[in-house]
Structures are given as C-alpha cells and as structure tokens.
Amino acid sequence: MSVLLCDSNCELWYTRVKELGLDYISMPYCYGGGEYGYDLGENTDFKKFYDAVRGGTVPKTMALNPENYKEILTPYFKAGEDVLYISFSHAMSGTFAQLDAALKELKKEFPERKCTVFNTNSICLGAGIQVETAAELKQKGASDEEIIAFLKEFTNRVAVYFVVDDLMHLKRGGRLSAGAAVAGTLLSIKPMLTVNEEGGLNVIEKVTGRKKAVRALADKVIKGLTGTEYSVYILDADCKEDGDKLAELIKAERSDAKIVRQTIGPVIGTHCGPGTLGVIFIADERPVKLKVD
C-alpha cells in the first residue's frame, strides 16, 4: 500500500479531502502581484480573484519545478513510504516533465521507493471524482494495483462538459483563434467543450445565448447520467445563479441525481475565465471525440 496523493487541480473541496485522509499538491497561480497555491477552497477568496479578473487583471499559472517535487516527495520516501499519485491531465500542463525529472533524481537517493502516477486524462472534478473514488476504495482495503485497474475502466466513464462566458480567455490560452474569439463574442456564441480521451479539450457544440447554453448542459446530464451511485458536480466561476438554474433544470427531470455545487478554483479559473459553467458526472462513456470548427 502507498500514500495516496492528488493535486489541487482535482478541485475536491478541502473538507472532502480531509474526510478521505488525502494529501495533495497545491498548484500555483498568481495575480495582482501575489503568488498563491490553491488550497481547495479552505482560505481562498474567490470573490476577490474573480472581481480582479473581471476588472482586467490577467492571472497566470505556473508549472512546479523539479526541486518543488523533490521537496514534496522526499518526506514520504524518507519515511519508507511509496506514493500513488492520481494526477490531472498530463496533456494540459508541462509540469509533469518536471515531475519526471524529479523522480529520476529521487530514484538515485531512494532506489527502493517508488511513485506510481495515474493520469486521469481529465481536470477539475473530472479528475476529482476519480481521486474520490480511489480514496474510498483505499479505505475499504483495496491495493494500489486494484485501484489502478479500477480507474483504467472508470476514467472512460467520466463526462465533463462546460461552457465559457468570455471567449477571449480561451483565445489567450490558445484554444481559439483571435478572429473566432472576437466573432463569437459579438454573436454571443457559447462553445461547449469537453475533455477528450487524451486529456485535451475539444469543442463539441456551439450554442447561441446563455440560457440555451445552460439548457444544453442540463440536457447532457439528463440524457447521459447513469445510476445514482456517484455525484453530479455543477461548477461555476462566479455565476452562482446560472449554476443554481442548471441544478434546477436537472432535478426537474432527474430527481435521482445527487447534485454537488461548487466554485471553480483560481488555477482553472485562470484559463476558463469568470462566467464558466460546467457539469461533471458518470456516464456510459466519455463524450465522443469530435472537433467542431
């Protein structure tokens, strides 16, 4: 058995992480002249962050460096413990190249120890729901091998859908061309995105208008949700009323859905922007990989 480790890009709320006895890596972000590590909502001032972004502040995220990872992992290895790290999508960050470099150095110092990394190929609570399930399995006595075997199947059932309010955030992150972002903003186009099987992002639909976008997200859950064993996560980046409306629409037709409401953290909020609204749930399979131009 190993210590189960996750990162704050999984976005599990800090109280749930404590209940599960999880350790986590705090992923960094900066804005307004300050540098922070996301603490899963424990002391985060979400309003301050999103007000700053709406006011024109451009936040940034950073990859951890090898020394950061060595500082994180060395105490476990010194204590004679191995690590099972369930991570967010490797396709979304260069930080994992830094992790690999750190592990190569640590292997020389601690040849008997190992850090097994499971790539969820997802982010936000698309990764978090996998972390949560893994921790529950561990509490029931599952081995690392049993947890990984389960996740290899489970990850293919994690459905993530979200819409953004301001296309310019996607443009800045390289997800849309400048022309498409400007045109989409003028036409009130709300692209619906998903996390594909490789852990990247695909645009799968284009919806005109905010109300239709909320309705479209609700329909994804109503039609795609399988069973009630797992929660349906509704996440908003400082657009609580839309999130509440989305929950209402889902409950009207799927009263069996166990809905959890949560705010999107600053690291992910840096890339999607204020007004982003998303749903994460367990379906028969991940959304079809389809790029709509």
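A contact is a pair of heavy atoms within 4.5 Å. Among contacts in the protein chain between residues at least 6 apart in sequence, 76% link residues at least 24 apart. The model is predicted: local features need pLDDT of at least 70, side-chain atom pairs count only at pLDDT 80 or more, and totals for chains, interfaces and linings use all residues. Residues are numbered from 1 along each chain as its sequence is written, and side-chain values use heavy atoms, with hydrogens and water left out.

The protein chain holds 11 helices and 13 strands. These are DSSP runs, numbered from the N terminus (helices: H or I, at least four residues; strands: E, at least two). The C-alpha trace spans about 60 × 45 × 35 Å along its principal axes. The radius of gyration, taken over C-alpha atoms, is compared with a globule rule of 2.2 Å times the number of residues to the power 0.38. The protein chain has 19 Å, which agrees with the value near 19 Å for a compact globule of 293 residues.

Of the 293 residues, 52% are buried. Buried means under 20% relative accessible area, exposed over 50%, and partly exposed in between (1.4 Å probe, protein chains only). The protein chain exposes about 13300 Å², and carbon and sulfur atoms supply 50% of this area. Accessible areas come from the Shrake-Rupley method with a 1.4 Å probe; for residues, only the protein chains shown count as cover.

Valine 221 lies in helix 9 (residues 210-224). Valine 221 counts as buried because its relative accessibility is 0%. Beyond its neighbours within four places in sequence, valine 221 contacts Val232, Ile250, Arg254, Val279 and Phe281.
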